[in-house]
There are 2 protein chains.
Amino acid sequence: MSDNDFQRLFAAILDLGLPKSMASRLRAFGREIDVKCGTVAEFDETSDRFIVFVAKGVAKLVGHLGNDREQIVALVLTNDLIMQSRTGTVPYFLYGITDCRLLAFPADAFIRTVAADPDIAKAIFDRMFVAFDQSRDMSVLLGRKTAQERVASFLSSMADRIGNEDENAGLLSLPISRREIADSLGLTIETVSRQFTELRQLGVIDTNGRSEVKILDRLRIRKLAALPL
Amino acid sequence: MSDNDFQRLFAAILDLGLPKSMASRLRAFGREIDVKCGTVAEFDETSDRFIVFVAKGVAKLVGHLGNDREQIVALVLTNDLIMQSRTGTVPYFLYGITDCRLLAFPADAFIRTVAADPDIAKAIFDRMFVAFDQSRDMSVLLGRKTAQERVASFLSSMADRIGNEDENAGLLSLPISRREIADSLGLTIETVSRQFTELRQLGVIDTNGRSEVKILDRLRIRKLAALPL
DNA sequence: CGTGATCTTGATTGAAATCAAGAAAAGTGG
DNA sequence: CCACTTTTCTTGATTTCAATCAAGATCACG
């Protein structure tokens, strides 16, 4: 990755220009990691906390509980940020859902470096706040929402994140399988499938093949998701 | 709160001495908030993101979903840190479980200030990583664990956080009610109560009154909690 | 000591999991 | 491009775990 690519990437991620000096200091200890679809991202063993940017692709952070029970705790798209740590009570791994290009920084060095520029530090903190909000919203969903509310919440949030905004408003091409939807919503694939069918019968969505979903009524799906309107 | 109290508090929270200059700069925009047991912490309207330290007491951060459905997304004890934000998809409020003394900083000013000292910045980031780990562990618990595993996880984590370490090892005085345990585990009070009974019958815990729990077998309760040993 | 709140226990219901086929889509190789 | 296989998804039947409903019991507090 060239100096320019690096600066462009950070600009896209942080909505903020990165001074040349900061860019080169960060590049010194940042590692580019390519992750093939379906495989685990390997971080080096020198740190157990990383700040990871997704330069390209879609990835999932998965907590493993044994007995085939797993929970996706974060679904990350291009330009998202992940805090990867090995200090949770269960093992977590970052998997490529598509082929991914990641940019990983050992957390300590990264923080000490960005602290030198208060604007960058603030931008990073903002991103972390967003990730916190998402993680908490996920706890509310997993702890208190019904299967229908979970699936509606998922579709609503995907529409906000990757929805077409032109004449095909509300048309989604889901980057993930039913199994992954189930693993992120704390449900089984059968229940997810049934809820898709039910939302289709309610006239809230339409589907085409496995991955295309058209949201016909944005407001109604938010209502079904128990989200504020 | 005096300058000295302030420095002592930060030392306790961050395991790190706070230089006098930093302490006085932070004090300039930090607000002390007293929260009575059972009431909501009121933050000023000038910011919607705060870094909050618990100087004294026990508090809960609660997400509200309507229809009496609520989920405790974080249980915070003395010397813990909370990222409070108003930008989640559901409304969150911080409640005192006991009378609390909080120290709240508008996030932007706080970050710009602590960035000046890389050691402090790193200490804050470390705390945030811990909070992330907790939030993700909570997602795994809520998404994939059974009622028994949830209650066992709760007791095991409380033992780690507030357990007696002397001759009364494993003796806990729970700071929260059955309703709050249920609200934090995504269960009903009846189910929590039944699981307490079952763990007692299994000989893993003993209880005395409403709040005293003695953990008789730390290893076994971790096994029942689906935690690594 | 009595009153109200909190907790426990039991009976029943219900929402989602599990079990079990099929159907549809995506690969594979000729 | 088309059989053929494999994987993923959908639908139905049944089971199960936790929620709900309903009394009591226990505890805290005035």
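1. The largest share of the surface near DNA strand D comes from α7(A), with four residues; near means a heavy atom within 4 Å, and helices (H or I, at least four residues) are DSSP runs numbered from the N terminus. Please keep in mind that this is a predicted model, where local features need pLDDT of at least 70, side-chain atom pairs count only at pLDDT 80 or more, and totals for chains, interfaces and linings use all residues. Residues are numbered from 1 along each chain as its sequence is written, chains are lettered from A and ligands numbered from 1 in the order written, and side-chain values use heavy atoms, leaving out hydrogens and water.

2. Among the 17 residues around DNA strand D, the nearest are A:Thr197, A:Arg210, B:Ala147, B:Thr191 and B:Arg210.

3. Now for individual atoms. The side chain of A:Arg210 has an N or O atom 2.8 Å from a base oxygen of DNA strand D. For B:Thr191, the side-chain distance to a phosphate oxygen is 2.4 Å, and for B:Thr188 it is 3.1 Å.

4. Chain A has domain 1 (3-131) and domain 2 (143-224), with bounds from an automatic or database domain assignment. Their centres, taken over C-alpha atoms, lie 27 Å apart.

5. Two salt bridges cross this domain interface (side-chain nitrogen of Lys or Arg within 4 Å of a carboxyl oxygen of Asp or Glu). One salt bridge joins the side chains of A:Arg161 and A:Asp80 at 2.9 Å, N to O.

Key:
Polar contact = N/O pair within 3.5 Å; in protein donor to acceptor, adjacent residues only side chain to side chain. Helix = DSSP H or I, 4+ residues; strand = E, 2+ residues; numbered from the N terminus.
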